[in-house]
Amino acid sequence: MGLPTYAPWLNPIEKLWRYLKQEVVHLHQEENFAPLHDHVDAFLDQFADGSEHLLRYVGLLPN
């Protein structure tokens with residue numbers, strides 16, 4: 001059985017974007033995007049040196 005043509009739930013980068021949305025973007029309502037940009041940068045920077053937690057979250061390491 002092959003994979004469906006479009007399956008974002010199986011794509012690790014899609015899972016990262018979902019995590020970002022859940023943790024940072026979901027409550028953003030300001031017209032000024034500078035604070036959001038800073039929060040997104042800080043969120044992504046925490047994974048710059050690798051993260052077992054993130055690899056598990058996106059399904060690249062077993063639980």
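Start by selecting K15 and looking at what surrounds it: beyond its neighbours within four places in sequence, K15 is in contact with W9, L10, Y57, V58 and G59. Keep in mind as you click around that this is a predicted model.

Stay on K15 for a moment. This lysine lies in helix α1. Is K15 buried or exposed? K15 is buried, yet has no salt bridge. If you want to see the nearest side chain of opposite charge, select E14, which is 11 Å away.

Next, colour the pair by accessibility. R56 counts as partly exposed because its relative accessibility is 34%, while E52, at 52%, counts as exposed.

Next stop, the inside. Select L16, Y19, L20, V24, L36, V40, F43, F47, L54 and V58 together, and you have the largest nonpolar core, made up of ten residues. Which elements give two or more residues to this core? They are α1 (12-23) and α2 (34-45).

To finish, zoom in on one of those core residues, V24. Setting aside its neighbours within four places in sequence, V24 is in contact with L36, H39, V40 and F43. You've already met V58, another residue of this core, as one of the contacts of K15.

Methods:
Residues numbered from 1 in each chain as written. Predicted model: local features only at pLDDT ≥ 70, side-chain atom pairs only at ≥ 80, totals over all residues. Heavy atoms only, no water. Core = buried A, V, L, I, M, F, W, Y, C linked by side-chain atoms within 4.5 Å. Buried < 20%, exposed > 50% of the residue type's maximum accessible area, 1.4 Å probe, protein only. Helix = DSSP H or I, 4+ residues; strand = E, 2+ residues; numbered from the N terminus. Contact = heavy atoms within 4.5 Å. Lys, Arg positive; Asp, Glu negative; His and termini not counted. Salt bridge = Lys/Arg side-chain N within 4 Å of Asp/Glu carboxyl O.
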